[in-house]
Amino acid sequence: MAGIKFQNVSFAYGEKQILRDFSLSVEDAQIMCLLGPSGCGKTTLMRCLLGLNRPSSGEIWLGDRCLFSKERRINIPPERRGIGVVFQDYAVWPHMTVMENVCYPLKKQRLPKDEMEKKAKYALEQVRMGDYAPYLPSQLSGGQQQRVAIARALVSSDEVIVMDEPITNLDAKLREEMLAEIRQIQKNIGTTILYITHDQEASLQLCDKMAIMDASGALCQIGTDEDIILRPAERFVFEFIGVSNFFTLTRKSGNWCFFDREDMPYTGTVPAEFEAVGRVDMGVRPNGIVFDDAIAEGSPSPIRGTIRRSVFLGSEYNLFVDLNGQEVRVQRSAFTGTGGVQEGAEVGLTFLSPKFYPVKEAA
Amino acid sequence: MSFLRKRRGGADLAAMEGRHIGVDGLMTGLSFILLFIIVVIPIFMIVYNAFFYEGKFDLSLFTSVIFEKENLKAMGNTVIIALAVTVFGTIMGLFYAWLLGRSDIPAKGFMRALFTIPYMFPPFFGAMAWDLLFSGRAGYINRWLMSTFGLRQPPVNINSLGGIIFVECSYYFPFVFMQVVSALERMDPTLEESARIAGARQSQVIWKITLPLVKPAISAGALLILISSLAHFGVPSILGFSKNIYTLPTMIYALINKSGGSFEGIRQGTALSILLVAVVAIALVVQKYVLSSGSYDIIKGKSMRPTLIKLRGAKYPLLLLASLTLLVIVVVPLVMIFLVALVKAYGLPLTWANFSFSNYVKVFESPATMDSIKNSLFLSVTAGIVCMFLGVMIAYVINRIRPRGKGLLEILSILPYSIPGTVLAIGVILSWSGSLAGINLYNTIWIILVAYMARYLSFSMKSASASLQQVNASLEEASRACGATHTESLKDITLPLIKPAMVSGFFLIFLPAMRELTTSVLLYGPYSRTLGVQIFALRDAGMIPQASALASVAIVIIIVCNAIVTEITKDRKGA
Amino acid sequence: MSENIAVALRHVTKRFTTRTMGTITAVDDFNLEIREGECFSFLGPSGCGKTTTLRMIAGFEDLSEGEIELCGRLVSSSAKNLYIPPEERDLGMVFQAFAVWPHMNIFDNVAFPLKIRKVAKKEIAARVKDALKHCSLDGLEDVYPGELSGGQQQRIALARAIVTNPKVMLLDEPLSNLDPKLRETMRFEIKELQRQFGFTIIFVTHDQSEAMAISDRMMVCDMGKIVQIDTPEALYNHPNSRFVHNFLGESTFINVEVRDGQVFPKGDNTQPIGLPIPENAGPEMVVATRPNAIRLIKDGPGFRTRVEKRIFLTDKTEYLVSVGKQLVKIQTPHRVVFAPGEECAIEIAAPSWYPPEDAAAEAERARRNII
């Protein structure tokens, strides 16, 4: 068992700097999801860990073993790093049977034959593929091939497994099943898993902790799913994790108001630290905006908009509201509200559980 | 080895070992050296000898050869034949491709298999067969027609430009046929359906949508016909020599043959070669231009069976036409060769009484003939095996190691395919007859082997390359992560995965090498006759039934090997 | 009345004979009337017959039985052996794979239907320009489709379909090859075009949310049979079968026992679920509802239970609570926060009741979805 530590890792493809002084620790026996938009450098980071890319600076540690250090001129070749890997395209060797695939890493570890078979069988049991040992990969479905890849990763290392978007090629249902299974296997064996993805939903379902990278390759927030959902640390995290509306509030005559308009005051609480700046960005989810009819008491909201479009989605309506020229997305439950709202109707808006961030200056 | 270190995504596995050159460097270096020896030297020697004499630039030979009347005529013939074959072959290929790909004509699968048969056999077998039927007063059918209808002149003369064009056409139209059929099959049917919805009638859809969309496939096939026909030796030599009809490749052969292998003859041949290369080069430039101008992505969307066009009343007449075509281009020549192989003496009527196996006995008792079979087997197997490994190595270097200069590597390995076999033979003669480092391979079997390797390397390289592109780099990376070194990954993962492509690469070389004539006919020596050369020589010496017997043996070998290939490729799909 | 019906299907049946599976009835006695100006969806899992039906309307397939009328004109009839070819049906059609001709530039693609109809050159130019403008493609006349994105290619297909001003527009999964964001925009654009041109839309899709978002009415079919035809709201709120309930949106199923005028979770009679019992309820029933139609509250009058599991999704939180021995899925906005293990109460709104025998399999499927 071992954790992973990246220290000030930098990497560039030619002119293009992908990672700059990147540091991240993954605790032992945890599932860490590294989540970021495509092109943010998360796959590069994985390849650095595996030894398939060579960083230009920094250190990479696995437990107390240094895998790479620029300064100390250490660069352990991939085959001696002892990290299991599951690639996006499975990379199950098509010319070997399931058993041979899983045995291959053990052969390279020079294990005696009976022990090798025992270990491989156990790994296959873990991924519920025990009955498929003599099959060729081409006889298996995508999900089954993925399981073989996981079993192979399990035997090649009992310390750390890296998974690079391993479920992207599966259909929605299978994806969910696989996530649950990965979770279960990790619980049984207790390996450390670094799971790399751009899929927010998958990482929320899987992780102990999530690390979110932005498009420039910088680390934005590390935390549990609860931290990320309920307490997003940065505007990027809030925007990346789901659909969002953003408004800039300005301070006028001691009140916060929308669009610089004193007739559109924000009556909720804004953290006091923004008062000195006088401006703040407020983010709110589509289902955090409610109309007057859903509020039991109180007078109509002074923030008034017009419904432009209403789209029925079954359990919800997606509404596009024109608020002083800005398009606001509102999601309204088909059950708690009074149903759909006529297009063209005027509505009063109230904002629930908003998040506040410093104003993003236009670059 | 500076060309090694170009950093790219998954390409720097070797670099990650953090030390010296390794396997990758070795393979890269070897690829460059081998291609230099096999490809660059012969090409250089041709150009050098055509324009330099005793170390000085000298155009006199070149111009004198070119402006000789006979040579000009040969060039004219070459171009006329090639253009005519291209036009007729394309029309024929297109028509049958449409018939089998888009109409509701019955027995499609069967006919499709038959239509690709001409592809398997060397055209000069066909030329032999047609010669037996229609050559002047001797041809069987001509004789029958003359006696039946009391004609004084033979009605059909196969020993003419028209005859050559006809035979070449029947062997080259599959180039267009196969290209277009597969394009039609892969084409998204909604492209045509949306035109119907837009208001176009079925016939308008064919002209305005279907044909323009398969145009790239048509031009690719047509140019393949053009280039093949320009460089073709077998048919014009068999049908043309007796009536003094020459094309550039046959003229080169005649020049060298006449001079008895003297250097002067070879130099004249060299000059003509330049001419032939120039013509082919023009065709290649046209090809590049045409192909780059229009290549569309027509394969999209959910696969749905295309709506077949109902032929209604025309169905059975067209079926009859297709069957007759097959009978004429496939069945008749094959049957003819077997029949004549059985006949006791050429010219005897084809009746039971005149049949015997004596020709086969003679064939198998003649040491020269047996030697030719052995030589061809040795050459084909050796060239096949050597090229198989070389092809894999070069493909790996090009696709995975991607060194600086990989473009050059690719061009060098594919280039010889476009060089006419006749020209290549001359280049090999010029290079390996003692002028370079005193190596003299002339009149030995090795010089043929070198020529075969140059000629066929691109086949195995392309086959391995296509297969390597299917093998995702992550498969090799996964094995690294599993604890295998770079060399072990190559041995355990990559090579086994492309094994089927290597095997089919072998047969892609073995089969054409078994029936090769164009190059061998210029390179063979007293002890290095090949199968093709022996058939050609037997026929040339007037021993036509024996030539037919040997040809029929070759046909059997080819059919058996093709069956093996089909079986192997089937296995691959099953795995 | 018939002049207001854009498309009418009467006893339309299509049988295919395959070598391996014998005769398959792909479309079984479809009867359907689509009104002028309506946006009507064919919705169903693959193999339900929706695409075959569309292709019969377009004229690419003939009918085994029945007849089809387009705007009052009989176009297909098996009895009269009548079959009008696609090019004479005066339809617009957009395909999943765009089917934009790669060898023509955008102008020629859109002008093609007019050129075929021999419209005067000047008029073609004007009408193509107009169509391109409506599809936000102005200025791209000379571009070839290969250089454009999927969304733009689909716009070309749309422009080509509207340029002849057809009365009926057939859309065969036109958005499935686009990414989700673009899908939403294009959906809106299609509706906008319909508003301007007034054509009738037949929209084929297997994506229920897309169908609900775009349609005025829709037909749900399964295994070659029509299951239910109605407005999206009515279908979603009053599905006539478990199949429709499960196919449209997310479902939560609870197996219940009805005893002494009260509803208990199956195999557990400690606490009743406070639900009004429908008249025809048997002793064992399945209550079907939607994950977000169940209210999760700290305390109150509802069924008392506790949160077993919490899963954060990007736009909502999913809770699994125990009801008797079953786990029930509930979805709430992120702001409703319960910790795993916390006591709570649930209130079920708008349930549908289904008999258990057909429900068993569905409940099993739903259960598998949760775990």
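Begin by selecting chain B of this predicted model, where you will find 24 helices and two strands. With the whole of chain B in view, consider its overall form: its radius of gyration is 26 Å, close to the 25 Å that the globule rule gives for 575 residues, so chain B is as compact as a globular protein of that length.

Still in chain B, colour the residues by burial, and 48% of the 575 will count as buried. Then look at the contacts in chain B between residues at least 6 apart in sequence, of which 78% join residues at least 24 apart.

Next, move to chain A and select its strands β2, β1, β4, β5 and β6, which in that order form an open sheet with antiparallel pairing. The edges of this sheet are β2 (16-26) and β6 (74-75) of chain A, and because each has a single partner strand, one side of each is left without a neighbour in the sheet.

Now select helix α1 of chain A, residues 42-50, which packs on the sheet and touches β1 (4-13), β2 and β4 (57-62) of chain A. Viewed against β1(A), the direction of this helix makes an angle of about 115° with that of the strand.

Finally, select residues 65-69 of chain A, which make up strand β5, and follow the two bridges that join this strand to β6(A), the two running antiparallel. Within this region, pick out A:Phe68, and you will find it standing opposite A:Asn75, which lies in β6(A).

Notes. Residues numbered from 1 in each chain as written. Chains lettered and ligands numbered in written order. Predicted model: local features only at pLDDT ≥ 70, side-chain atom pairs only at ≥ 80, totals over all residues. Pairing = 2+ DSSP bridges. Helix = DSSP H or I, 4+ residues; strand = E, 2+ residues; numbered from the N terminus. Contact = placed C-beta atoms within 7 Å. Axes fitted to C-alpha atoms, helices over the stretch in contact; angles between N-to-C directions. Rg over C-alpha atoms; globule rule 2.2 N^0.38 Å. Buried ≥ 20, exposed ≤ 12 C-beta atoms within 10 Å, placed from the backbone.
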